[in-house]
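I opened the notebook to look up how this chain packs.

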Amino acid sequence: MFRPLFALFCIAYCVTSALAQSPPTQAAATQTPAATSGVQAQNIFDVKPDASNEPGYADQSNGERGKVQAGNNAPLWRQVGAGKEAYSSLSKTEAPEAGTLIQPFTQYPGSRLTNAGEAWRQVRNNWIIPYGGALVLIVLGAIGVFYWRNGAFRQHAPNTGRVIERFTPFERSAHWANAIAFSILGISGLVMAFGKFVIQPVIGSALFGWLAFALKNLHNFAGPLFAVSLVIVVLTFIKDNLPAKGDLVWLAKGGGLLSGKELPSGRFNAGEKIIFWGGVFFLGLIVVGSGLVLDKLVPGLIFERSTMQIAHMTHAVATVLMMAMFIGHIYIGTVGMEGAYSAMKTGYVDEAWAKEHHEIWYDDVKSGKIPAQRSLALPPAQTAQI
């Protein structure tokens, strides 16, 4: 019974095998696969490693590159990184760089040749922040050591009871307005520049963010006050800070710092004149000018990213140098010299103080060349407490 069935199975198997091994018919040979259209998906890991050997590979457009290496958008990003401008509907006057995603390559002092945004970041993080902070700390440390070893400059002669008006009310008002604005700007600037490394680890990100935001707004409001008061201070004190005979000798001998006897000087000595011309006039005008650019207050200037980057670097460097100079000025004007703070507070100094610290100016007052009382306010009945 099973033999006929087995024979039929063997015949069917042989026929099927023969059909499978036979050549295709003419109709089958002429058939072509269905046509495809559009961008075909491709696994980037299946791309042949010799795709870069394609003719004109380096000059391919983004569309051409997609046919060779799907998902490789290098041509597009190469154009973006080179600063190529794309279309933008925003006005050029309001947004001059709206179509430029990444700035062109440039090299700022202290940076590598890279796109301008990264070059600015390198200058700020690798130079301004570490070296600027180190300079401020060095100056503070040097003044601290000097005060610890020598103390304040004391007045040797006793007070005479006769006073001279050193600063008029107008002069003191201009100075205090400038000093208060500078203190606000200096403290807020230090927090914004170095607070991330010193304050944030202590108080946390949330509180530091609020503090930095508040100080940034305070910084912006104090800036115009500093600018106006700086101009008034320069115009008010420029006459008495002009170079005079004896200034070079005063500088060469350090004002008599080592000898213990101060050298004669006019109303302002050579050290104070350096602070005036270097810190107040030169650095002050640079700080104010760059600050106005950062606040976008300069008429007619196109505020591109490169403009703001250069203004920020200039502003930061000039500010750090100004602070280093003013720290010494603040020290002498407060705890560093007996009677200096009282002179700016009340406007008057004793004749003994004037003779000891500014002998040439004292002689001009005594000779009548300069009036001892220049304002309408009456001098104090008693000697100013110095």
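**Entry: H8 and H10.** I looked up the handedness of the crossing of H8 and H10, and it is left-handed. The model is a predicted one, so I log every value here as a computed one. H8 covers residues 205–237 and H10 covers residues 270–294. I read a packing angle of about 150 degrees for H8 and H10, with the axes 11 Å apart. Angles over 145 degrees count as roughly antiparallel. H8 and H10 are therefore roughly antiparallel to each other.

Which residues of H8 meet H10? I listed Phe226, Ala227, Leu230, Val233, Val234 and Phe237 on the H8 side. On the H10 side I listed Phe276, Val280, Phe281, Gly284, Leu285 and Val288. By class, the contact of H8 with H10 has eleven nonpolar residues, one polar and no charged.

**Entry: H10 and H11.** I moved on to the next partner of H10. H11 covers residues 305–336. H10 and H11 pack at an angle of about 150 degrees, and their axes are 8 Å apart. This pair, H10 and H11, is therefore roughly antiparallel. The crossing of H10 and H11 is left-handed. How many charged residues are in the contact of H10 with H11? I found no charged residues there, with 15 nonpolar and eleven polar.

**Entry: Lys296.** I stopped at the connection between these two helices. Lys296 sits in the loop between H10 and H11. Its phi is near 60 degrees, a positive value in a residue other than glycine. Is Lys296 buried or exposed? I read 53% relative accessibility for Lys296, and the cut-off for exposed is over 50%. Lys296 therefore counts as exposed.

**Entry: H5 and H11.** I then checked H11 against H5, which covers residues 116–150. H5 and H11 pack at an angle of about 5 degrees, with axes 10 Å apart. Angles under 35 degrees count as roughly parallel. H5 and H11 are therefore roughly parallel to each other. I noted 20 nonpolar, five polar and one charged residues in the contact of H5 with H11.

**Entry: Leu257.** I looked for this leucine in a loop. Leu257 is in the loop between H9 (247–252) and H10. What does Leu257 touch, leaving out residues up to four places away in sequence? I found Phe146 and Phe153. Leu257 and Phe153 are 104 residues apart in sequence, yet their C-alpha atoms are 9.6 Å apart in space. Leu257 counts as partly exposed, because its relative accessibility is 45%.

**Entry: Thr168.** This residue lies in the loop between strand E3 (163–165) and helix H6 (169–198). Thr168 has a relative accessible area of 12%. Buried means under 20%, so I logged Thr168 as buried. I checked its contacts, not counting residues up to four places away in sequence. Thr168 touches Arg374 and Ser375.

**Entry: Ser183.** I went from the loop into the helix. Ser183 lies in H6. Ser183 is partly exposed, with a relative accessible area of 34%. How many residues separate Ser183 and Met323 in sequence? I counted 140, while the C-alpha to C-alpha distance is 9.7 Å.

**Entry: Pro109.** I found Pro109 in the loop between strand E1 (105–106) and strand E2 (114–115). Pro109 is exposed, at 72% relative accessible area. Pro109 and Trp120 are eleven residues apart in sequence and 9.3 Å apart in space, C-alpha to C-alpha.

**Entry: totals.** I counted 14 helices and four strands. Of the 386 residues, 33% count as buried. I looked at contacts between residues at least 6 apart in sequence, and 65% of them join residues at least 24 apart. The accessible surface comes to about 24,500 Å². Carbon and sulfur atoms hold 67% of that surface.

Terms used:
Residues numbered from 1 in each chain as written. Predicted model: local features only at pLDDT ≥ 70, side-chain atom pairs only at ≥ 80, totals over all residues. Heavy atoms only, no water. Axes fitted to C-alpha atoms, helices over the stretch in contact; angles between N-to-C directions. Parallel < 35°, antiparallel > 145°, perpendicular 65-115°, else oblique. Left-handed = near helix turned anticlockwise from the far one by under 90°. Contact = heavy atoms within 4.5 Å. Nonpolar A, V, L, I, M, F, W, Y, C, P; charged D, E, K, R; others polar. Buried < 20%, exposed > 50% of the residue type's maximum accessible area, 1.4 Å probe, protein only. Areas by Shrake-Rupley, 256 points an atom, 1.4 Å probe, with all protein chains shown as cover.
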